[in-house]
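The following exercises concern contacts between side chains. Please study the sequence and the structure before working through each solution.

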Amino acid sequence: MNIVEAARISKKTQKGITRKSWTPKGPTILPTNTKSGCIVELYRLHDSLTPRWQPSADDLLADDWEPVGYLDKRD
């Protein structure tokens, strides 16, 4: 799915999104409407959240986005 579809699901379920090409150890992105923007959780660093993720053009155009559990990463 594209990033718009994934962000809609994320907003509804309050879970993060990631790209299949980033798995299994990629970051989880949590889209927000706060001044922090999209928050990044790095793989297995649950206490390491970074605000204001800046996607690349390739990220915005990709169609491999998927919802994942926020702070409950896949193994």
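A residue is called buried if its relative accessible area is under 20%, exposed if over 50%, and partly exposed in between (1.4 Å probe, protein chains only). The model is predicted: local features need pLDDT of at least 70, side-chain atom pairs count only at pLDDT 80 or more, and totals for chains, interfaces and linings use all residues. Residues are numbered from 1 along each chain as its sequence is written, and side-chain values use heavy atoms, with hydrogens and water left out.

**Exercise 1.** Determine whether Asp64 is buried or exposed.

*Solution.* The relative accessible area of Asp64 is 14%. Asp64 is therefore buried.

**Exercise 2.** Identify the network of salt bridges to which Asp64 belongs.

*Solution.* Step 1: a salt bridge requires a side-chain nitrogen of Lys or Arg within 4 Å of a carboxyl oxygen of Asp or Glu. Step 2: the side chains of Asp64 and Arg19 form such a bridge at 2.7 Å, N to O. Step 3: the side chains of Asp59 and Arg19 form another at 2.8 Å, N to O. Step 4: Asp59 lies in helix α2 and Arg19 in strand β1, so this pair ties together parts 40 residues apart in sequence; helices (H or I, at least four residues) and strands (E, at least two) are DSSP runs, numbered from the N terminus. Step 5: through shared partners, the salt bridges join Arg19, Asp59 and Asp64 into one network.

**Exercise 3.** Determine whether Arg19 is buried or exposed.

*Solution.* The relative accessibility of Arg19 is 13%, so Arg19 counts as buried.
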